[in-house]
Amino acid sequence: MRVDYGTDTDLDVGRLRSGWLPVAQEWLTEAIEADIPEPNALVLATVDAAGHPSTRTVLCKGLDVDGVVFYTNYDSDKGRQLTHTPYASVTFPWIGIGRQLTIRGAVERVSAEDTAEYFASRPRGSQLGAWASQQSRPVGSRAELEQALEDVDRKFDGQVVPVPPHWGGFRVLPDTVEFWQGRTNRLHNRIRFTVATSVVERLQP
């Protein structure tokens, strides 16, 4: 099951002297060009009220100097956990090209205007699903869930689907950004950029 890495060019600390974002965007572009499934998928880590960790996969819908944006149901487990403890870690697991990008930092909600703009761009089925699903809550059966979608579809028949009041975006504001690049003999490249100080450090793998 072991996989050897190291076919691409080494990432050097000098590449990050002018900031983390250009390299992050370049890596995302290269993941897309490599046809990696769901290249914008993120593993999101939060903690619950007891301090117990929880992870799940979400989709990145924005990557810029202000951080990473994703959208969800605010009443879901992750939504409630981020409201209680507004700090998170997200990782792009680009395993197919031997790379990972991890961003850690405080979390804030995106504006209602940004949420509305993104929601309007979603397929109608996804818009209806945001209304139908009480995310993270138990449901009796698949049929019950599908019935909820049918009910919502009838409710908004012929209408523009509005943004649900319990739905919107979160932004992870980067404190640290770590680039991981697989290398032979498990001597992987790990380079961490600290945003507040612009300090760039090579870490032992």
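What pattern does the chain follow, read along the sequence? Read that way, the chain runs α-β-β-β-β-α-β-β-α-α-α-β-β-β. This is a predicted model, in which local features need pLDDT of at least 70 and side-chain atom pairs count only at pLDDT 80 or more, while totals for chains, interfaces and linings use all residues. Residues are numbered from 1 along each chain as its sequence is written, and side-chain values use heavy atoms, with hydrogens and water left out.

The chain has five helices and nine strands. Helices (H or I, at least four residues) and strands (E, at least two) are DSSP runs, numbered from the N terminus. The C-alpha trace spans about 55 × 35 × 35 Å along its principal axes. Of the 205 residues in the chain, 40% are buried. Buried means under 20% relative accessible area, exposed means over 50%, and partly exposed is in between, with a 1.4 Å probe and protein chains only. The accessible surface of the chain comes to about 11,500 Å², and carbon and sulfur atoms hold 51% of that surface. Accessible areas come from the Shrake-Rupley method with a 1.4 Å probe; for residues, only the protein chains shown count as cover.

Contacts give another view of the fold. Among contacts between residues at least 6 apart in sequence, 64% join residues at least 24 apart. Contact here means heavy atoms within 4.5 Å. As for charge, the chain has 22 positive and 27 negative charges, and their mean positions are 5 Å apart. Lys and Arg count as positive and Asp and Glu as negative, while His and the chain ends are not counted. The place of a charge is taken as NZ of Lys, CZ of Arg, CG of Asp or CD of Glu.

Helix 1 covers residues 21-33. At 1.5 Å a residue, its 13 residues should span 18 Å, and the end C-alpha atoms are 18 Å apart, which agrees. The expected span is 1.5 Å times one less than the number of residues. Which residues of helix 1 are buried? They are Leu-21, Val-23, Ala-24, Trp-27, Leu-28 and Ala-31. Seen down the axis of helix 1, these buried residues fall within an arc of 165 degrees, so they line one face of the helix. The arc is that of the directions from the helix axis to the C-beta atoms. An α-helix has 3.6 residues a turn, so residues three or four places apart point the same way. The buried residues of helix 1 pack against strand 3 (62-64), strand 5 (87-94), strand 6 (99-109) and strand 7 (167-181).

Ile-32 is also in helix 1, but Ile-32 is partly exposed, with a relative accessible area of 48%. Helix 1 is followed by Asp-35, whose phi is positive, near 60 degrees. Glu-38 lies in the loop between helix 1 and strand 1 (41-47). Phi of Glu-38 is near 45 degrees, a positive value in a residue other than glycine, and Glu-38 is exposed at 51% relative accessibility.

Helix 2 (residues 77-84) has the buried residues Lys-78, Gly-79, Gln-81 and Leu-82. Seen down the axis of helix 2, they fall within an arc of 165 degrees, so they line one face of the helix. They pack against strand 1, strand 2 (53-59), strand 4 (67-73), strand 5, strand 6 and strand 7.

Is Gln-127 buried or exposed? Gln-127 counts as buried, at 8% relative accessibility. Leaving aside residues up to four places away in sequence, Gln-127 touches Phe-119, Ala-120, Arg-122 and Val-161. The loop between helix 4 (124-132) and helix 5 (142-155) contains Ser-136. Ser-136 has a positive phi of about 80 degrees although it is not a glycine, and Ser-136 is partly exposed, with a relative accessible area of 36%.

Asp-157 lies in the loop between helix 5 and strand 7 and is exposed at 61% relative accessibility. Asp-157 and Leu-59 are 98 residues apart in sequence and 28 Å apart in space, C-alpha to C-alpha. Gln-204 is found in the segment after strand 9 (199-203). Gln-204 is exposed, with a relative accessible area of 71%, and its C-alpha atom is separated by 21 Å from that of Pro-174, 30 residues apart along the chain.
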